[in-house]
Amino acid sequence: MNDVRIAIIGAGFSGLGMAIRLRQAGIDDFVVLEREHEVGGTWWVNSYPGCQCDIPSHLYSFSFAPNPNWSRTYSPQEEIQRYLHECVDRFGVGSKIRLGCDVTAAEWDEVDRRWRLETSAGPFRAQILVTGAGALSVPSRPSLPGLDDFEGATFHSSQWDHGAELDGSRVAVIGTGASAIQLVPEIQPRVERLHLFQRTAPWVFPRTDRPISNAERWLYRRVPLAQRLVRGAVYANFESRAVAMTVDTRLLKPFQAIARRHLHRQVEDPELRAKLEPTYLIGCKRILVSNDYYPALTQANAEVVTDPIRAVTRSGIVTADGTERELDAIVFATGFKVAEWPTLGFVRGREGARLADVWHERGAQAYLGTAIAGFPNMFSLLGPGTALGHNSVVYMIESQIAYVLDCLRVMDERSLAAVEVEPAVQAAYDAEIQARLKNTVWASGCASWYLHPSGRNPTIWPSFTFSFRRRTRRFDPSDYRLEAAHAARPAPVAA
Ligand SMILES: Cc1cc2nc3c(=O)[nH]c(=O)nc-3n(C[C@H](O)[C@H](O)[C@H](O)COP(=O)(O)OP(=O)(O)OC[C@H]3O[C@@H](n4cnc5c(N)ncnc54)[C@H](O)[C@@H]3O)c2cc1C
């Protein structure tokens, strides 16, 4: 049995950020358990052509680890993964990371007041469990009739098949979300035919991507304050969108006008333009950014298919109008299972309650997106209600990490064995967040991955990110049930 004070699941931005901050706080008794054989999470797993961030890198990175060497304003996937790898070395947390270690079960032991974890590398026991298992890591694939019979290649954008021969072949891309608009312009020039199956046209903003010059990089290396100022300016620019998204959605009209003009400038054909014109309020789904998505779709070998898919055959896809398109490969750019929180399905809290069942009954909810009633000493980074439609989630992750560190401080000062958020505190918080969401763009009537099938939005933080930071700055013990280290433990239940 491996015994540690803190077990962290996942080595993406969340898990690595937590590990680095613990080490900086002088806490060394922790381990990071990562099922992949590399660090980076999202930025290791997603390797599809064109994969890059859509929040500028000066902001989409740790505040405590600026990288003066970003090559572009929006960095490509390999560079972000390399950055995270370098952070591991820079902050000396490599020896704490167990790669290839899949956590298959985590259960709160009431007698021991410890988490017991089952992993592919053996059992672990920890006082504190921090989950950084990612919200966008379980691919969502539509169940299409006949798909199993298809004789060509099929794969999800996040599980890119680099061996699949796409050059000169007939390829279907299903989906028009953030991954699709990045990969479509990359593969369109290589394939014989590209059929893009679209259910909903996304709003696409012009992308202000450019290489960062040597002079700028020199400046950032020599004068770190200059990069901090740029980061601050980017943050303020993106944060200002929250006003329109969460306070007064009428203010989204100018954003919509910019995106519409972008479409009209890049697509002349009225028929294609009509297909690509979104019909919902901008911001309701994630706003996408691209300068080459529309131009790729105007090429002679590209087609946007808006007819619903009826079935997949051995050699292609048949749409509702009866047309069959012959295909060599189908790429699912259909996003991830988010609202059901499948990545935390294996966790069991008090009395063996499965988190999946608790959330199934009540819908996913966590106090400050971080603490869950019935699950003592557990903290979920980027948990329910922390995703953003307007800014970098790394900012949210860092806020949560500060909250966890403050909780550990309080636990040490008061010699606490366990803390568990009061159910009433969590319920009041959840009611407040759900009420706030009602007046935001995300409740304006589109279908999005932010929403649970019930219509509830367990995903988005519906306000300014600085107000989340303010609320997570201090761990307030009065929100929690506290168990002193010397308190009597419940007797073991006889088998
Ligand atoms: C293609 C793409 C582009 C994105 N671009 C942006 C962007 O520009 N801006 C932005 O703010 N956000 C973006 N996001 C969201 C992105 O997921 C987050 O910004 C961030 O990377 C999440 O980090 P994380 O550490 O919480 O989760 P992840 O990066 O998903 O890492 C979770 C890790 O946990 C591991 N894990 C999961 N379950 C287990 C288990 N049971 N046992 C062991 N290990 C486990 C996984 O293998 C993974 O390595 C993007 C997402 C995708 C998919």
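What follows is a short exchange about how some terms apply to this predicted model.

Colleague: Why is phenylalanine 155 called buried?

Modeller: The cut-off for buried is under 20% relative accessible area. Phenylalanine 155 has 3% relative accessibility, so phenylalanine 155 counts as buried. Phenylalanine 155 lies in strand 7. Leaving aside neighbours within four places in sequence, phenylalanine 155 is in contact with Arg141, Trp160, Asp161, Ala164, Ile330, Val331 and Phe332.

Colleague: How far is the C-alpha atom of phenylalanine 155 from that of glutamate 34, and what is the gap along the chain?

Modeller: The two C-alpha atoms are separated by 23 Å, and the residues are 121 apart along the chain.

Colleague: What makes helix 5 roughly perpendicular to helix 6?

Modeller: Helix 5 (residues 214-222) and helix 6 (residues 224-239) pack at an angle of about 110 degrees, and their axes are 4 Å apart. Angles of 65 to 115 degrees count as roughly perpendicular. That makes helix 5 roughly perpendicular to helix 6.

Colleague: What makes strand 7 and strand 12 edge strands?

Modeller: The open sheet has five strands in the order 7-16-8-9-12, with parallel pairing. Strand 7 (153-156) and strand 12 (302-305) each pair on one side only, and these are the edge strands. From one strand to the next, the twist averages 15 degrees.

Colleague: How do you know that strand 8 and strand 16 pair?

Modeller: Two strands pair if there are at least two bridges between them. Strand 8 (residues 170-174) and strand 16 (residues 329-332) are joined by four bridges and run parallel. Within this pair, valine 173 stands opposite valine 331 in strand 16. Helix 4 (residues 178-187) packs on the sheet and touches strand 8, strand 9 (193-197) and strand 16. The direction of helix 4 makes about 165 degrees with that of strand 8.

Colleague: Which residues have the most contacts inside the largest nonpolar core?

Modeller: They are Phe13, Phe62 and Val173, in a core of 117 residues. Helix 12 (residues 393-413) gives the most to this core, with 12 residues. A second, separate core has 26 residues, including Cys101, Leu129, Leu355 and Ala366.

Colleague: What does phenylalanine 13 touch?

Modeller: Not counting residues up to four places away in sequence, phenylalanine 13 touches Trp43, Tyr60, Ser61, Phe62, Ile80, Tyr83, Leu84, Val394 and Ile397.

Methods
Residues numbered from 1 in each chain as written. Predicted model: local features only at pLDDT ≥ 70, side-chain atom pairs only at ≥ 80, totals over all residues. Heavy atoms only, no water. Core = buried A, V, L, I, M, F, W, Y, C linked by side-chain atoms within 4.5 Å. Buried < 20%, exposed > 50% of the residue type's maximum accessible area, 1.4 Å probe, protein only. Helix = DSSP H or I, 4+ residues; strand = E, 2+ residues; numbered from the N terminus. Contact = heavy atoms within 4.5 Å. Axes fitted to C-alpha atoms, helices over the stretch in contact; angles between N-to-C directions. Parallel < 35°, antiparallel > 145°, perpendicular 65-115°, else oblique.
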